[in-house]
Amino acid sequence: MGKLKKHPIKDWTGYIVGYECKKKEIKILMCEKSQADTIISKNHYSKKPTQNSFLNMLVYYKNDVKGALQIGYGIQPEKSNGFKKHEICEFDRMWLDDIMPKFSETITLSLLHNFLKTRYKELKAIISYSDTGVGNNGTIYKASNYELIDKIKSRFYVTQYGERIHPISMWHRHGTRAWSFLQKKYPNIKKADGYQLKFIYYLQQKTPTQTNGEG
């Protein structure tokens, strides 16, 4: 993938709004949050768009929209050792249509990395999670040179309708996470199986003060 050339896409003012791999006819372009929300809500396994995304992008294949990306700052970015809040972001959502060719995920990630390095020079790293409870083992991240830095027992709640809710989101909804309350509020609720695999990709060369653990 490293041999494929990637090029910035600029608007008429010279402002970089995306990145493309011409050989594979894949490109990513900035978009309104509502546009990415619609695609993620309809197609992503979580059915939930990212609430605090600061960057939303559409993925094009042969000039047709075939996916979406959402990047935010995560729920607790200050927990990542060695980084200030504005220096690290979280890759929260990606959905690509199955019609896209082989290796589209890694190509799309590479385009995103190039875009972030160009447009958000203060960012030093991007983190993401794979949920083994839904069969995601981080294969794409490993192929894209991300480092596995943590394996966390899944803390998600799963409702009888399959909705997966993060504990912090649950607290914000109800002001409590008491199990007795949740069982009454969400009949047949259960705690998710599996693990959250935490990955990191360094957009800039890491320094000795940046460690892989949690704060």
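**Entry 1**

I began with Glu-25, which sits in the loop between strand 2 (16-21) and strand 3 (26-30). Strands here are DSSP runs of E with at least two residues, helices are runs of H or I with at least four, and both are numbered from the N terminus. I noted that this is a predicted model, where local features need pLDDT of at least 70, side-chain atom pairs count only at pLDDT 80 or more, and totals for chains, interfaces and linings use all residues. Residues are numbered from 1 along each chain as its sequence is written, and side-chain values use heavy atoms, with hydrogens and water left out.

I looked up the backbone angle next. Glu-25 has a positive phi of about 60°, although it is not a glycine. Most residues other than glycine have a negative phi. Glu-25 is partly exposed, with a relative accessible area of 43%. The cut-offs are under 20% relative accessible area for buried, over 50% for exposed and partly exposed in between, with a 1.4 Å probe and protein chains only.

I then turned to Asn-63. This residue also is not a glycine, and it has a positive phi of about 70°. Asn-63 lies in the loop between strand 4 and strand 5 (64-72). Its relative accessibility is 58%, so it counts as exposed.

I traced an open sheet of 3 strands in the order 10-9-11, with antiparallel pairing. Which strands stand at the edges? They are strand 10 (164-165) and strand 11 (190-191); each has a single partner strand, so one side of each lacks a neighbour in the sheet. Two strands pair if DSSP finds at least two bridges between them. Strand 9 (residues 157-158) is joined to strand 11 by 2 bridges. I found Lys-190 in strand 11 as the bridge partner of Val-158.

**Entry 3**

I checked how strand 7 pairs. Strand 6 and strand 7 run in the parallel sense and share 3 bridges. Cys-89 stands opposite Ile-126 in strand 7.

I picked out Ser-130, which lies in strand 7. Is Ser-130 buried or exposed? Ser-130 is buried, with a relative accessible area of 4%. A polar atom of its side chain lies 3.3 Å from the backbone nitrogen of Gly-138. A polar contact is a pair of N or O atoms within 3.5 Å; within protein, one must be able to donate a hydrogen and the other to accept it, and residues adjacent in sequence count only if both atoms are side-chain atoms. Not counting residues up to four places away in sequence, Ser-130 touches several others, including Asn-136, Tyr-141, Tyr-195 and Phe-199. Contact means heavy atoms within 4.5 Å.

**Entry 1: helix 2**

The 16 residues should span 22 Å at 1.5 Å a residue, and the end C-alpha atoms are 22 Å apart, which agrees. The expected span is 1.5 Å times one less than the number of residues. I also found that 12 of the 16 residues are buried, so helix 2 is largely enclosed by the rest of the structure. Among the buried ones are Ile-107, Leu-111, His-113 and Arg-119.

**Entry 2: rings**

I looked up the aromatic pairs and found 8. Rings of Phe, Tyr and Trp (its six-membered ring) pair if their centres lie within 6.5 Å; planes under 30 degrees apart count as stacked, over 60 as edge-to-face and the rest as tilted. Phe-54 and Tyr-120 form an edge-to-face pair, 5.4 Å centre to centre with 70° between the planes. This pair links Phe-54 in strand 4 (residues 53-61) to Tyr-120 in the loop between helix 2 (104-119) and strand 7 (125-131), 66 residues apart. Phe-54 is partly exposed at 24% relative accessibility, whereas Tyr-120 is buried at 13%.

Phe-91 and Tyr-141 are edge-to-face too, at 6.4 Å and 85°. Phe-91 is in strand 6 (residues 88-96) and Tyr-141 in helix 3 (residues 139-143).

Last, I noted a charge over a ring. The charged end of Lys-151 sits over the ring of Tyr-195, 4.6 Å from its centre. The rule is NZ of Lys or CZ of Arg within 6 Å of the ring centre and within 35 degrees of the ring normal.
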